[in-house]
Amino acid sequence: MSEEQVAYSSKAIKEVAVDIAIADHVIADVKDELVRQRSLYGVQRHSNHGWLPILGEEFGEVCQALQVGSEAYKNSDADDIEKELIQTAAVAISWVASIRSKRRGGNSDAKGN
Ligand SMILES: [Mg+2]
């Protein structure tokens, strides 16, 4: 490996380490959001078609937050893109958890079923 390649690899490794450290914080935020959503809505075991509008609503709020500062933005729109991305990620995880739980035969009497 050339010195240039070694230097590039070293830089890339440091950047990956930074990304992983950030990801650890993001994952912690998503876990906190999962707890918040669970406390609000209980265990949710919707059909895939039931989950889609829930995920779509959160994704729509990500889109709203992207419009902050534009003439399309309304005061009633979501404005915190990180918060909305975390909420979207938490819903996606809950959707996968619902699929896997149903596959295992669990929680069929929870909300949404
Ligand atoms: Mg939201």
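Where does S47 lie?

Reply: S47 lies in the loop between α1 and α2. This is a predicted model; local features need pLDDT of at least 70, side-chain atom pairs count only at pLDDT 80 or more, and totals for chains, interfaces and linings use all residues. Numbering starts from 1 along each chain as its sequence is written.

S47 counts as exposed because 12 other C-beta atoms lie within 10 Å. The cut-offs run as follows: 20 or more other C-beta atoms within 10 Å of a residue's own make it buried, 12 or fewer make it exposed, and anything in between is partly exposed, with C-beta atoms placed from the backbone. G106 is 59 residues from S47 along the chain, and their C-alpha atoms are separated by 14 Å.

The protein has 3 helices and 0 strands. Both are DSSP runs, numbered from the N terminus: helices are H or I with at least four residues, strands are E with at least two. The pattern along the sequence is α-α-α.

α1 is hardly covered: its count of buried residues is 0. G42 follows α1 with a positive phi, near 70°.

V30 sits in α1. It is partly exposed, because it has 18 C-beta neighbours inside 10 Å. Setting aside neighbours within four places in sequence, V30 is in contact with I86, A89, A90 and I93. Contact here means C-beta atoms, placed from the backbone, within 7 Å. D77 is 47 residues from V30 in sequence and 21 Å away in space, C-alpha to C-alpha.

Next, α3. Its 23 residues (81-103) should span 33 Å at 1.5 Å a residue, and the end C-alpha atoms are 33 Å apart, so the two agree. Its buried residues are E84, I86, Q87, T88, A90, V91, S94 and S98. They pack against α1 (3-41) and α2 (48-66). A general point on helices: with 3.6 residues a turn, residues three or four places apart point the same way. G105 follows α3, and its phi is positive, near 85°.

Beyond residues up to four places away, E84 touches E58, E61, V62, A65 and A78.

Zoom out. Of the 113 residues, 11% count as buried. The C-alpha trace spans about 60 × 45 × 25 Å along its principal axes. The radius of gyration is 19 Å, whereas a compact globule of 113 residues would come near 13 Å. That radius is taken over C-alpha atoms, and the globule rule is 2.2 Å times the number of residues to the power 0.38. Among contacts between residues at least 6 apart in sequence, 73% join residues at least 24 apart.

Last, confidence. Mean pLDDT (the predictor's confidence in each residue, from 0 to 100) is 92, and 94% of residues reach 70 or more. Over residues 108-113 the pLDDT is below 50, and this stretch has 16 contacts in the model beyond near neighbours in sequence. Where pLDDT is low, the predicted coordinates should not be read in detail.

Note on methods. The expected span of a helix is 1.5 Å times one less than its number of residues. Two residues are in contact if their C-beta atoms, placed from the backbone, lie within 7 Å.
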